[in-house]
Amino acid sequence: MKRYFLVIMMLAVAGVITMAFKEKIHGQVVCYGDSITYGAKVDGHSWVGFLSKEHKGLEFINAGRSGRKTSDKEELLPLLKKYPNADYFLIFLGVNDLKDGTDSMVESCIINLKWMIGKIREAAPRAQIVILSPSDINLKTMAEINVQKKYNEKTKESLSQLEKKYKELAKEEHLGFISLLHTVSKPNYADGLHPDIKGQKQIANAIWIGLNKLN
């Protein structure tokens, strides 16, 4: 009888721990990004949608737009007016800034992100800001149209550099940081640039794990 009672108590404690873990992330999550956030090449089934389906108690807002760069920073302002009470702002930007990438392009991303961070803090001071370093690219499967747009070896090198700079910025600004650089498996790119469905699911899983580690 004592043994049975002990097992029940252990299961109850485990349940409480599990509930606590699941409830770490709460409220409204604004996901500000480019075509990967929007869901290009996967009919809109992006990582935002997968997180929304898997975690019904949260409101994940897809604020992605194809082609968006960090230099399109002012597009953030209407979102800040619309969601001033958001609990999280996730920023997933950078790859579109790095066509034929250079050091100066990486630095521009940092400058633009600092501007965005300041605006979020002004408009939504209670929101937690999380920087997501972009997923990598696959040069071997890169579609010709993306090759012509100059997504190339320099882009790949700049993405690696950007990850380090974003991590430094997050530490400097006391923000959350999640690296997605090595999250998507090489076969899981639709066109060398955009993750396919499997790649999007990998991103969703990495972000969810990362968010829980931050809280």
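Colleague: Which residues touch the most other members of the largest nonpolar core?

Modeller: Leu-76, Phe-89, Ile-131 and Tyr-166 do, in a core of 37 residues. The model is predicted: local features need pLDDT of at least 70, side-chain atom pairs count only at pLDDT 80 or more, and totals for chains, interfaces and linings use all residues. Residues are numbered from 1 along each chain as its sequence is written, and side-chain values use heavy atoms, leaving out hydrogens and water.

Colleague: What makes a set of residues a nonpolar core?

Modeller: The members are buried Ala, Val, Leu, Ile, Met, Phe, Trp, Tyr and Cys residues, joined through side-chain atoms within 4.5 Å.

Colleague: Which helix gives the most to this core?

Modeller: H5 does, with seven residues. Helices (H or I, at least four residues) and strands (E, at least two) are DSSP runs, numbered from the N terminus.

Colleague: What is Leu-76 in contact with, beyond its neighbours within four places in sequence?

Modeller: Tyr-32, Phe-89, Met-116 and Ile-120. Contact means heavy atoms within 4.5 Å.

Colleague: Why is Asn-96 called buried?

Modeller: Buried means under 20% relative accessible area, exposed over 50%, partly exposed in between (1.4 Å probe, protein chains only). Asn-96 has 6% relative accessibility, so Asn-96 counts as buried. Asn-96 lies in the loop between E3 and H5.

Colleague: What makes Cys-31 buried?

Modeller: Its relative accessible area is 0%, so Cys-31 is buried. Cys-109 is buried too, with 0%.
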